[in-house]
Amino acid sequence: QVQLVESGGGLVQVGGSLRLSCAASGSGFSISTMGWYRQAPGAQRDFLATITSADTTNYADSVKGRFTISRDNAKNTVYLQMNSLKPEDTAVYYCNADGQYVGRLSTVIYWGQGTQVTVSS
């Protein structure tokens, strides 16, 4: 079993910055892509950004230019640097990771428990 633990959320003022972290732990699992999503109250979970093991990134248009995803493969950790935060960025932020267990072909996806980000105006 793989566990993902997010940290770094909190309360920030409009225009401020936060850096989220998500650390993966577990054995026998090779992580391929890691990503960040968010879910506001009453809304669906939305894609924000992904990063592959080769550091190829992809962003949602809504955060392109303001958010930066990065990862440290040695630490199995993915980060989300969020700048110029807006009230509409308020949500629970989730990380995920997909990959394969050693010796198996099927892809498995794991999710973290989420961390709250609140942007006050």
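**Disulfide and sheet**

Mentor: By the rule that a disulfide is a pair of cysteine sulfur atoms within 2.5 Å, the count comes to 1 disulfide. The model is predicted, local features need pLDDT of at least 70, side-chain atom pairs count only at pLDDT 80 or more, and totals for chains, interfaces and linings use all residues. Residues are numbered from 1 along each chain as its sequence is written, and side-chain values use heavy atoms, with hydrogens and water left out.

Trainee: What makes Cys22 and Cys95 a disulfide?

Mentor: Their sulfur atoms lie 1.9 Å apart, and the rule asks for a distance within 2.5 Å. The pair links distant parts of the chain, with Cys22 in strand E3 (residues 18–25) and Cys95 in strand E9 (residues 91–101), 73 residues apart. Strands are DSSP runs of E, at least two residues long, numbered from the N terminus.

Trainee: Why is the disulfide of Cys22 and Cys95 called right-handed?

Mentor: The torsion about their S-S bond is about 45°, so the disulfide is right-handed.

Trainee: Are Cys22 and Cys95 buried or exposed?

Mentor: Both are buried, a term for under 20% relative accessible area, whereas exposed is over 50% and partly exposed lies in between (1.4 Å probe, protein chains only).

Trainee: How do you know that E7 and E8 pair?

Mentor: Pairing requires that DSSP find at least two bridges between two strands, and 6 bridges join E7 to strand E8 (residues 77–82), running antiparallel. In E8, Val78 is the bridge partner of Arg71.

Technical notes. Helix = DSSP H or I, 4+ residues; strand = E, 2+ residues; numbered from the N terminus.
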